[in-house]
Every structure is written in structure tokens, then in C-alpha cells.
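Q: Hi! Could you walk me through this model? I'd like to start with how the chain is divided up.

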Number of protein chains: 2
Amino acid sequence: MFRQLMTLDEAKRIIDAQLGLKTLGAEEISLLQAYNRVLAEDVVATLDIPPFNRSTVDGYAVKAADTFGAEENQPVHLQICGSVSVGEAPKIIINAGEAAAIVTGAPLPEGADAVVMVEDTDIEGYVLSVYRAVTPNENVMKKGADIKKGETVLKAGQVLGASEIGALAALGLNKIKVFKIPLVAVLSTGAEVTEPGKALPDGKIYDINAYSLSTAVCESGGKPIYMGVVPDDTAALREALEHALTSADIVVTSGGVSVGPKDLTPQTIATLGKPGLLVCGIAVKPGKPTTIALVGEKPVFALPGHPASALLMFHLLVRPVIQRMAGRSMSEGKAVKALAATRMFSAKGRRTFVMVKLKPDDRKGLVAVPVESGASGAITTLAKAEGFVEIPENQQFIDAGEEVTVTLLKGAFMS
Amino acid sequence: MFRQLMTLDEAKRIIDAQLGLKTLGAEEISLLQAYNRVLAEDVVATLDIPPFNRSTVDGYAVKAADTFGAEENQPVHLQICGSVSVGEAPKIIINAGEAAAIVTGAPLPEGADAVVMVEDTDIEGYVLSVYRAVTPNENVMKKGADIKKGETVLKAGQVLGASEIGALAALGLNKIKVFKIPLVAVLSTGAEVTEPGKALPDGKIYDINAYSLSTAVCESGGKPIYMGVVPDDTAALREALEHALTSADIVVTSGGVSVGPKDLTPQTIATLGKPGLLVCGIAVKPGKPTTIALVGEKPVFALPGHPASALLMFHLLVRPVIQRMAGRSMSEGKAVKALAATRMFSAKGRRTFVMVKLKPDDRKGLVAVPVESGASGAITTLAKAEGFVEIPENQQFIDAGEEVTVTLLKGAFMS
């Protein structure tokens with residue numbers, strides 16, 4: 001029954017080639033709800049910004065030519081013909097020899113092409129003395145100087161934060177097309193797990209994975225559909241998976257994928273539809289039994305039951321798929337350099353991931369300390385591991401003191 | 001009318017001393033909704049994890065002493081008295097000379113203290129041959145080895161991600177107490193601004209700030225209440241502010257705080273209640289007219305109208321207040337080192353913030369390039385600025401080529 005396992009890179013290539021990772025299409029939402037969503041189309045300005053020539057100072061709108069020659073002790077005199085407020089279309093026209101009071105942000109009246117600052121003037125009745133010449137366009141932000149009508153302001157794929165949403169508001173938009181958020185059904189299998197919140201029967205433990213993986217879905221830019229713990233029999237599992245496939249764009253299970261007699265998940269997934277199983281086990285440690293299928297256009301990931309292994313495999317395989325379906329650029333996750341605290345061994349012929357915590361060290365900077373897995377328990381490993389170190393298939397170990405790259409598992413979302 | 005302006009540090013000290021930045025108390029929510037929320041109380045384990053002695057391998061539960069002396073060519077023989085499944089309380093007891101089949105994750109039956117791995121055994125009828133001795137507790141995860149009942153698993157103030165939520169699930173919790181999210185009312189003032197989505201009258205521009213600041217509230221861990229644009233008169237502004245104070249925990253306005261005759265905001269805020277105005281202008285550039293008040297226990301921030309200045313002042317003053325009310329540790333924001341691309345001047349006697357974009361440079365690493373503000377327009381500045389460089393009050397300029405710290409404005413939330 002020995003079968004050569006696929007390498008991690010082969011599994012990733014199959015995902016890329018087979019899963020057809022298109023986005024899920026666009027939906028129009030209120031700009032007020034758009035924080036952290038992904039723009040689904042290029043946004044082109046439908047107006048000039050500013051939409052009019054705008055004064056950038058408090059002062060007097062003039063024809064610049066009228067001020068030529070004005071100096072500290074040789075003012076030019078202009079006739080004040082009115083004033084312009086912010087937020088109103090000017091009702092006056094500036095003719096030669098005239099000026100109008102104007103405030104910052106107000107539109108320049110017709111005929112004016114510059115603004116003299118209030119501190120360079122004196123006023124007596126309707127006569128304005130100008131003590132400093134201005135050039136055409138001085139103290140004026142020209143119509144379209146910020147954004148020109150027809151200009152592409154933001155591109156599809158842009159994640160929307162405060163400044164992007166501010167720019168969209170400036171264009172007058174209060175609705176915007178964003179990519180739909182992938183729905184990810186998350187379910188746990190295993191006779192030994194009980195849903196949190198229920199009484200714990202003898203011999204059982206509480207399920208961790210449906211919760212930790214649902215949260216990892218949020219961190220990846222997807223929306224989880226929590227489906228809890230599925231009873232450990234083929235009919236129940238099949239029904240749950242079929243329900244998951246009708247409700248979600250991606251299905252993630254955990255548990256039930258090693259080689260014990262009760263490990264029904266891969267067999268059941270194989271019966272759900274074409275094209276079916278794509279990956280049955282990967283030469284990695286941990287995470288070897290990871291199984292990936294495609295049912296219609298929907299990917300199904302069956303992850304191992306150990307919580308730290310499940311979260312690691314999610315990070316390596318599921319997260320990039322969610323990100324791509326969400327229209328997000330795939331990030332490898334933030335990484336930091338550190339020195340290995342101890343020798344870290346690889347599993348022969350398997351890409352090995354060592355969960356580590358980071359400790360500052362006065363002399364060495366950061367040090368990566370392996371977190372014991374397996375016997376030391378799921379929660380301890382989960383809670384302590386800040387990231388992982390990767391050892392290639394063809395390398396036996398990383399020596400103590402060697403520099404390693406630690407890919408961070410926490411706060412992966414914003415990376 | 002000259003008045004000595006407060007320094008930024010004085011303004012921050014007043015915020016710390018006067019605003020009484022307590023959290024808003026706790027609420028109980030579903031653990032499934034807890035992503036990125038802040039734990040409001042220490043969580044103590046109410047059960048041992050695992051709750052029973054658990055086999056970590058597939059094999060046979062035995063009394064270790066019965067296997068002593070077993071070797072490759074000198075097996076010990078034991079009588080098989082039954083089997084134990086995962087998820088079930090064992091119905092059998094192991095007596096001397098007996099063994100029971102057991103799978104990974106199943107509870108050790110009474111009387112057994114170790115598990116022999118299946119690969120170290122042979123079986124013929126009901127007789128098990130053991131070819132390798134085990135020590136007590138070998139291949140067993142002891143009850144409470146992961147978490148002990150009574151142990152503090154997570155502390156109040158912890159932001160909840162995948163591993164924390166997994167740990168809480170492991171304890172059987174499906175509800176959890178988290179700090180309430182601060183509600184932040186955001187409104188814009190100014191005769192020249194119109195709400196996006198409406199027709200744009202001549203002489204007006206679309207409001208940016210209520211949108212960009214609402215998004216910045218989300219990025220800071222608060223929940224915005226968008227109140228749009230308030231007409232430029234005292235009665236309307238007063239009514240809007242009173243409504244904001246009854247609906248929200250914090251009020252943020254923008255516009256209407258410079259020294260023009262229509263700048264009603266500070267005067268109006270002053271009439272809302274005790275203790276009233278705390279900060280009326282700060283010796284910073286940009287952001288000088290920033291006004292801060294306290295009405296009852298609710299802070300009111302009146303920020304300048306220029307979108308980039310408003311967002312900068314929000315980042316410096318409002319964000320830490322939201323974070324503290326949300327129970328989050330205050331982060332200064334992520335920062336990177338870069339070299340100044342050009343000489344950057346400070347405004348005399350004012351803490352100066354220069355908005356910059358970052359450019360990679362082959363020889364110098366990152367270079368910080370100032371983004372022109374003012375005349376070049378609000379959107380351009382907003383969209384291009386990736387962060388800011390701070391110049392102290394007593395420093396005239398930063399020279400081209402000097403190393404500077406750039407505090408990043410984007411993705412500030414997860415920092």
C-alpha cells in the first residue's frame with residue numbers, strides 16, 4: 001500500500017492549475033461598508049477635482065495683470081465689486097480694475113485669474129490697495145489640478161482603507177463595486193470531539209478546529225460558515241459535505257484523514273462529484289494526510305485533526321486560495337529573521353515545518369525556539385507558536401545558531 | 001489676539017489626564033463572532049485538558065511493568081481483554097498480564113499506564129506478543145498535561161485570533177466576555193462640502209472626511225456612526241453635536257476650526273457641557289486649529305478640514321483614545337527607517353509632520369519622498385502619502401540623506 005506522496009510544490013501546482021481560482025464576481029455596496037473590501041473595477045473620475053478654480057488663501061480675487069508693478073510703497077488700487085463665499089457659485093464678474101473678497105476654498109469668480117493674500121492688501125471703503133503683485137494662477141488651485149475628469153483614480157484589486165475610501169468619496173461616489181467575499185464552510189469530524197458549549201461526555205474532548213479555522217478564514221479575507229462537528233459516519237458526513245457545498249464557495253474539514261479504519265473523509269469526498277480528489281497526502285511534516293478535492297468548481301480541503309497541523313496546512317494551502325477568490329494579492333505572510341535556538345531536524349524526504357516561538361536575545365537579536373508538538377498538547381502548541389521555520393525536503397537539519405526565516409502565523413490578515 | 005499654542009506633548013498629557021480613558025465595560029458574545037475582539041477578563045480553565053489520560057499512538061494499553069524485559073527476540077505475552085475507541089469511556093479494566101487495543105486519542109482504560117505501539121507487537125488470537133518494553137506513561141498524554149484545571153489560559157486585553165479562539169474552544173467555551181467597541185460619531189462641517197451620492201451644486205466639493213475618518217475609526221478598532229455633512233449654522237451644528245453625544249462614546253468633527261468668521265465648531269462645542277474645551281489649537285503643522293473638548297465623559301475632537309491633516313491628527317490623537325477605550329494596547333503605529341530624499345523644513349516652533357511616500361532605492365534602501373500638500377490637492381496627498389516624518393519643535397530641518405523614521409499610516413489597525 002506504499003504510495004509515493006506528492007511534494008508540497010506539486011500540490012501547490014495542482015491547486016494553481018486545477019482550482020481555476022477566479023474571483024467570485026462583484027457586488028455593489030455602500031462606501032460606508034467598504035473598509036477592507038477589494039475594489040472590483042477601476043474607478044475613473046467623472047468630474048474634475050476641484051470642480052472649479054479654487055482660492056487657496058483668504059484675500060481678493062483679481063486679474064493678475066492688474067497687480068503688475070504693485071510694491072510695498074507703490075500699491076495698485078482696485079475697485080471692490082463684491083465678495084465670494086465658500087460653497088456658492090460666484091454671482092459676480094471681475095472686470096479690469098476690479099477685485100472681490102474671497103475666502104479659502106471659494107470658487108474664483110469669472111474674470112479673475114489670481115488671488116492676492118489679505119496680508120498684502122489694505123482696504124478703505126470700496127478701494128483695495130494691493131502691495132504685492134501676483135502672477136496668473138497664484139494662490140489658485142486650478143480646476144482638475146488634483147484629479148482630472150477621465151483619470152483612473154483607483155485600480156481593481158485595491159484593498160480599501162481610509163485614504164482610498166476618502167478618494168472615492170471625493171469623486172462623489174457613495175456606492176462602489178467590490179469583489180464578493182468567499183464563503184468558507186468549516187466542519188470538524190471525529191468521534192472524539194464535542195462542540196464547545198455542550199456538556200463533555202466521558203472520553204471526549206472539545207473541538208478546537210472548527211473555531212480556529214473559522215477565525216483563520218476571517219484572517220484570510222473570507223467569511224466562515226461554522227458547521228460544527230459532524231458525527232463519525234459516512235451518511236452524516238456525506239450529508240454535511242453536500243450541505244456545505246451548496247452553502248459555500250470553499251469547504252474545509254479537519255480530522256478523519258489519517259489511515260485509521262474510521263477515517264472516512266477522503267473516501268466520502270471522493271464520491272461527491274467530478275473532478276474529485278486531486279491531492280491525497282503530501283510529503284510534509286506535519287500535515288501528511290492533507291487531502292484536496294474539487295467538486296464542480298468548489299475546492300474541498302480535508303486537513304488533519306491536530307489543531308496546530310490543521311492551522312499550518314490552512315496557512316500554506318487554503319489561505320492563498322481564499323485570498324485569490326477574494327481578489328486579494330496573495331501574500332506569503334510576514335516573516336522575520338531569527339537564529340535557531342537548537343538544532344531542528346527534518347522528517348526524511350518531507351518538507352518539514354517546525355513551529356517556533358520568538359525570543360529576543362541581547363546578543364543575537366531574535367531567537368527561534370521550537371515549540372514541542374504532539375505530546376505537549378494542542379493548545380500549548382497553538383498558543384505558544386508565533387510562526388514556523390521551513391526545512392526543505394533535501395536538508396537533514398538546521399543547526400543551532402543558523403539564521404532562519406520565521407513565517408509569522410499571527411495577524412496574518414493585514415500582511 | 002495672539003495666544004501661545006499648546007505643544008503636542010501637552011495636548012497628549014491633557015488627554016491622558018482629563019479624558020479618563022477607561023474601557024466601556026464588557027459584553028458577552030458568541031465565540032464565533034470573537035475574531036479581532038479584545039478579551040475583557042482572564043480565562044481560567046474549568047477542566048483538565050486532555051480531560052483523561054490519552055493515547056498518543058495506535059497500539060495496546062498495558063501495565064508498563066508487564067512489558068519490562070521484552071526484547072526483539074524475547075517477547076512478553078499478554079492476554080487481550082478488549083479494545084478502546086476514541087470518543088468513548090473505556091468499559092474495561094486492565095489487570096496484570098492483560099492488554100487492550102487502543103487508537104490514537106482514545107482514553108486509557110483503568111489499570112493501564114502506558115501504550116505499546118502497534119509496530120512493536122504481534123497478535124495471534126487473544127495473545128499479544130510485545131517486542132519492546134515501555135516505561136510508565138510512555139505514549140500517553142496525561143490528564144491535564146496540556147492545560148491544568150484552574151490555570152489562567154488567556155488574560156484580559158488579549159486580542160483574539162485563530163489560536164486564542166481555538167484555545168477558548170478547547171476549554172468548552174462558546175461564549176466569551178469582550179470589551180464593548182467604542183462608537184464614534186463622525187461628522188463634517190463646512191458650507192463648501194456636499195455628501196457623496198448627492199448632486200454637486202456649483203461652488204461645492206464632495207465631502208471626504210466623514211468617509212475617510214469613519215474608515216480610520218474601523219482601522220483603530222472602533223465602530224463609526226456616519227453623520228454626514230452638517231449645515232454651516234450654529235443651531236444645526238449644535239443639534240448635530242448633541243445627537244452625536246447621545247449616540248456615541250466619542251465625537252469627531254472636521255472642518256470649521258480655523259479662524260474664519262464661519263468657523264463655528266469650537267464656539268459651539270464650548271456650549272455643550274462641562275468640563276468643556278481642553279485644547280484650543282496645538283503647535284503642530286499641519287493640524288494647528290485642532291480642538292479637543294470633554295462633555296461629561298465623552299471626548300469631542302474637532303479636526304481641521306484638510307483631509308490629509310484631519311487624518312494625520314486623527315492618527316496622532318484620536319486613534320490612541322479609541323484603542324484605549326476598546327481595551328487595546330496602544331500602538332504607536334508601524335514605522336520603517338528611510339533616508340530623506342530632500343531637505344524637509346519644519347514650521348518654526350511647531351512640531352512638523354511631513355507626509356511622505358516611500359521609494360525603494362538600490363543603493364540607499366528606502367527613500368522618503370515628501371508629498372506636496374496644499375496646492376497639490378487633498379486626494380493626491382491622501383492617496384500618495386504612505387506615512388509621515390516627524391520634525392521636533394526645536395529642529396529647523398532634516399537634511400537630504402539623513403535617516404528618518406517614517407510612521408506608516410496605512411493598515412494601521414493590526415499594528
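Q: How far apart do the C-alpha centres of domain 2 of chain A and domain 3 of chain A lie?
A: They lie 36 Å apart. This is a predicted model, where local features need pLDDT of at least 70, side-chain atom pairs count only at pLDDT 80 or more, and totals for chains, interfaces and linings use all residues. Residues are numbered from 1 along each chain as its sequence is written, while chains are lettered from A and ligands numbered from 1 in the order in which they are written.

Q: Which residues make up the domains of chain A?
A: Domain 1 takes 8-24 + 180-325, domain 2 takes 26-49 + 146-179, domain 3 is 54-141 and domain 4 is 335-408. The bounds come from an automatic or database domain assignment.

Q: New topic: what rotation superposes chain B on chain A?
A: One of 180 degrees, with 0.0 Å of shift along its axis and an RMSD of 0.1 Å, by least squares on the C-alpha atoms of residues with pLDDT of at least 70 in both. That is the relation of a two-fold axis.

Q: And why do the copies meet through the same surface?
A: Because 100% of the interface residues of chain B are also interface residues in chain A. Contact here needs C-beta atoms, placed from the backbone, within 7 Å.

Q: Helices now: at what angle do α4 and α7 of chain A pack?
A: Helix α4 (residues 209-219) and helix α7 (residues 307-325) of chain A pack at about 30 degrees, with their axes 10 Å apart. That makes α4(A) roughly parallel to α7(A) (angles under 35 degrees count as such). Axes are lines fitted to C-alpha atoms over the stretch in contact, with angles from 0 to 180 degrees between N-to-C directions; helices are DSSP runs (H or I, at least four residues), numbered from the N terminus.

Note on methods: Two residues are in contact if their C-beta atoms, placed from the backbone, lie within 7 Å. Helices (H or I, at least four residues) and strands (E, at least two) are DSSP runs, numbered from the N terminus. Angles under 35 degrees count as roughly parallel, over 145 as roughly antiparallel, 65 to 115 as roughly perpendicular and the rest as oblique.
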